[in-house]
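Please look over the sequence and the structure shown here before reading on. The report that follows moves from strands to helices and ends with a single residue.

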Amino acid sequence: IMAFIHSIEINNFRGIKHLTISDFSNINLIVGDNNSGKTTFLEATQLLFAKPQLSAIKNVINQRTVLNPNNSFYTSFIKMFNAQLENDKLWFYIYASTDKGILEFELSGTEKSISGEEALQISKMSSRQKAQYKMSSFYIPDMAKIFMGRLATRNGNMESEKKISCTSLDNGAQGPLAKKEVYYISSFGHLRYDLLQNIVGNPEYKKLAIDILKQFDNNIADICYTKADDGTYLETIITNNGINMPFSVYGDGIRKILFILNRMFAAADSILMIDEIETGLHKKYFDILFPVVFALADKLNVQLFIATHSIEAIDAILKYGNYDKTMSNIDPIRVITLKKLDSDNGSGSNIVARNASGKYVYNNRKVFEFEVRL
């Protein structure tokens with residue numbers, strides 16, 4: 001049984017002070033202006049499925065820094081807490097109701113200053129890493145920061161609680177990934193990750209991927225790994241005339257399509273989150289790709305959460321509802337609009353949500369050119 005999400009409550013996470021959203025469907029569009037909390041919502045949802053360990057948090061943080069991996073882990077970690085907390089205690093809490101029961105993720109603790117020497121001694125670095133740090137750094141800072149707290153999770157009937165700590169000298173704990181119940185596609189992930197790992201070994205998936213790619217370039221005959229002169233393996237497209245072409249020759253569109261399909265196949269019977277689905281794709285291809293993705297999600301039993309700011313992408317996704325012809329009372333699409341609101345008294349801001357059916361948004365887009373992103 002997949003963990004189909006029915007409702008989510010988020011408290012004090014990044015820019016969200018308090019947010020509750022319910023009535024999710026199979027396809028959930030998360031829309032809004034820039035800095036409205038779309039990526040934050042996707043991150044909070046992922047944390048609900050994470051193991052109670054620092055490495056799980058690092059995996060989520062790394063998604064934001066995929067194109068800038070040198071960002072400080074500790075700074076990114078502290079920024080996960082809402083900046084408007086009124087006391088010294090750092091705390092955030094996420095809750096969801098699913099087909100598999102209740103999910104909870106709570107992180108709390110305090111931050112204080114300590115000497116750089118003390119931070120180095122109690123950091124998560126190995127003895128060798130500490131020695132390398134001393135050799136490679138011009139100086140050990142006079143002062144550093146340390147976070148000490150607890151991490152509690154609940155997944156159905158399974159509850160766990162651990163004490164965690166990290167310092168501003170740590171790069172983040174390494175650790176195994178949890179068994180996946182939720183998968184994530186970052187907006188620029190197609191530029192970095194393996195695109196064929198879940199495709200080339202499965203004849204059915206491979207044929208489907210090639211059939212889709214042919215709609216974008218009819219000269220594509222096959223996709224596979226080929227061995228380069230230096231012994232490494234390259235992701236390769238083979239053309240109709242037998243020429244091997246590395247993916248680098250093609251534009252971002254081909255890579256983005258394969259990345260989405262790759263993660264879709266991996267996410268069977270689970271949840272897939274796609275951040276900025278339009279990145280790397282020309283809008284003329286939306287009507288080709290999106291129906292295939294949604295039909296595949298239905299076949300593989302995947303609940304989709306798709307964040308976008310593109311009105312063209314929103315309209316193309318709404319077409320899948322076939323609202324002009326269908327008489328079904330079951331709507332496959334929900335459209336959740338997030339908006340950042342500043343308080344009247346200047347005490348801060350919060351993210352609020354409007355939740356509408358795909359049919360409602362489609363009809364109002366058609367008749368009134370309804371601006372769904374605001």
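Strand E12 (residues 271-275) and strand E13 (residues 303-308) pair in the parallel sense over five bridges, where two strands count as paired if DSSP finds at least two bridges between them. Within this pairing, aspartate 275 stands opposite alanine 307 in E13. This is a predicted model, in which local features need pLDDT of at least 70 and side-chain atom pairs count only at pLDDT 80 or more, while totals for chains, interfaces and linings use all residues. Residues are numbered from 1 along each chain as its sequence is written, and side-chain values use heavy atoms, with hydrogens and water left out. Helices (H or I, at least four residues) and strands (E, at least two) are DSSP runs, numbered from the N terminus.

E12 and E13 belong to an open sheet of six strands with mixed pairing, in the order E8-E12-E13-E3-E14-E15. Strand E8 (182-185) and strand E15 (349-357) stand at its edges, each with a single partner strand, so one side of each has no neighbour in the sheet. On average, neighbouring strands of this sheet are turned by 20° against each other, direction ignored.

Elsewhere, strand E9 (residues 220-227) and strand E10 (residues 233-239) run antiparallel and are joined by seven bridges, with isoleucine 223 opposite isoleucine 237 in E10. The two strands form a hairpin with five residues between them, and glycine 231 in the turn has a positive phi of about 90°.

Two helix pairs are set out below; axes are lines fitted to C-alpha atoms, for helices over the stretch in contact, and angles run from 0 to 180 degrees between N-to-C directions.

| Helix pair | Angle | Axis separation |
|---|---|---|
| H8 (residues 286-300) and H9 (residues 311-319) | about 50° | 9 Å apart |
| H1 (residues 38-47) and H2 (residues 54-64) | roughly 160° | within 10 Å |

The angle between H8 and H9 makes H8 oblique to H9, whereas H1 and H2 are roughly antiparallel to each other; angles under 35 degrees count as roughly parallel, over 145 as roughly antiparallel, 65 to 115 as roughly perpendicular and the rest as oblique. The contact of H8 with H9, contact meaning heavy atoms within 4.5 Å, is made by Phe286, Asp287, Phe290 and Phe294 of H8 and by Glu312, Ala313, Ala316, Ile317 and Lys319 of H9. These residues divide into six nonpolar, no polar and three charged, where Ala, Val, Leu, Ile, Met, Phe, Trp, Tyr, Cys and Pro count as nonpolar, Asp, Glu, Lys and Arg as charged, and the others, Gly among them, as polar.

H9 also lies across strand E3 (27-32), E13 and strand E14 (333-342), running at about 160° to E3. In helix H10 (residues 358-368), Gly358, Val361, Tyr362, Asn364 and Arg365 are buried, and what covers them includes H9, E14 and E15. Buried means under 20% relative accessible area, exposed over 50%, and partly exposed in between (1.4 Å probe, protein chains only). Just after H10, glutamate 369 takes a positive phi of about 55°.

Finally, histidine 6 is found in strand E1 (residues 5-13) and, at 33% relative accessibility, counts as partly exposed. Its C-alpha atom is separated by 5.7 Å from that of aspartate 23, 17 residues apart along the chain. Not counting residues up to four places away in sequence, histidine 6 touches Ile21, Ser22, Asp23, Phe24, Ser97, Thr98 and Asp99.
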